[in-house]
Each structure stands twice: as C-alpha cells, then as structure tokens.
Amino acid sequence: MNQEKEAKKEAFRKYLESSGVLDSLTKVLVALYEQNDKPSSALEFIQQKLGGPSVSDYEKLQAEKSDLQIKYNELFAKHQETLRELGVKSLHSRNSSKDDDERDVIEDEHTALVAPPHH
C-alpha cells in the first residue's frame, strides 16, 4: 500500500516537472524570496507573477463587465423596440423573394469574377 502511494507521488512529481509547473513555481518563489520588501499579500504576488490579474485589476474588470452588460441589455432592448416599430418581421417576409433574386444575381456576378475562364 505504501509503495503504491509513493509511486503515485512520484508519477505526479514527474507530471508537474514535465509540464513546466515545477519550474514556473520555483521561479516565482525565488522571485518572492529575493524581494527586499516582501509584498503584503504573497498570494497576490504569486498570482501576478503567474500572469493573473491583481485583486484590484480583477475588481475593475468585474465592474467594467457589469457596466458593459447593463449597456448591452439597454441597447438590445432598444434594438428590439426599433425592430418592432419598423415591423421588420412582416417587411422581411414580404421582400424575401426579392432578396433571394438579388442574392442570386450577386452570387452569379461573384462566380463570374472569381471563376477562371474556360478554354
């Protein structure tokens, strides 16, 4: 049982080493060790060194995301209202055959421009 546990630990260590995790963590811990003025939050220091946002950056991003979601919801509601006012659904269904004809003409012109001449 103990050998199985040791084998699992060794396999996990090799996995961490081969994937670069051990090297990255070692570099970050050495950088923390070499700091003359230790940061107030060692965890935040480590997160930043590994490429994550700081707590304040994360909070700013969350606030920005929230503001953008509110603006998106407002604009989407306004867009839907505009579509209703214009009656786009009924307009689209009446002009669908005209749109199909126009699309066919555009596709034919595109094919004529792109296709090489036949000899």
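User: What percentage of the 119 residues of the chain count as buried?

Analyst: This is a predicted model, in which local features need pLDDT of at least 70 and side-chain atom pairs count only at pLDDT 80 or more, while totals for chains, interfaces and linings use all residues. Residues are numbered from 1 along each chain as its sequence is written, and side-chain values use heavy atoms, with hydrogens and water left out. A residue is buried under 20% relative accessible area, exposed over 50% and partly exposed in between, with a 1.4 Å probe and protein chains only. Of the 119 residues of the chain, the share that counts as buried is 4%.

User: How many helices does the chain have?

Analyst: Helices are DSSP runs of H or I with at least four residues, strands are runs of E with at least two, and both are numbered from the N terminus. The pattern along the sequence reads α-α-α-α-α-α. The chain has zero strands, and its number of helices is six.

User: Is the pair of phenylalanine 12 and tyrosine 15 stacked, edge-to-face or tilted?

Analyst: Rings of Phe, Tyr and Trp (its six-membered ring) pair if their centres lie within 6.5 Å, and planes under 30 degrees apart count as stacked, over 60 as edge-to-face and the rest as tilted. The structure holds two aromatic pairs. In the pair of phenylalanine 12 and tyrosine 15 the centres are 6.1 Å apart and the planes stand at 35°, so the pair is tilted.

User: Which aromatic pair is stacked?

Analyst: Tyrosine 72 and phenylalanine 76 are four residues apart in helix α4 (residues 55-86), and therefore separated by about one helical turn. Phenylalanine 76 is partly exposed, with a relative accessible area of 41%. With 5.9 Å centre to centre and 20° between the planes, the stacked pair is that of tyrosine 72 and phenylalanine 76.

User: Is α2 parallel, perpendicular or oblique to α3?

Analyst: Helix α2 (residues 21-34) and helix α3 (residues 42-49) pack with their axes 10 Å apart and at an angle of about 130°. Angles under 35 degrees count as roughly parallel, over 145 as roughly antiparallel, 65 to 115 as roughly perpendicular and the rest as oblique. The angle therefore makes the relation of α2 to α3 oblique.

User: How far apart in space are glutamate 44 and valine 55, C-alpha to C-alpha?

Analyst: Glutamate 44 has its place in helix α3, and at 23% relative accessibility this glutamate 44 counts as partly exposed. Glutamate 44 and valine 55 are eleven residues apart in sequence, while their C-alpha to C-alpha distance in space is 7.2 Å.

Definitions and conventions: Axes are lines fitted to C-alpha atoms, for helices over the stretch in contact, and angles run from 0 to 180 degrees between N-to-C directions.
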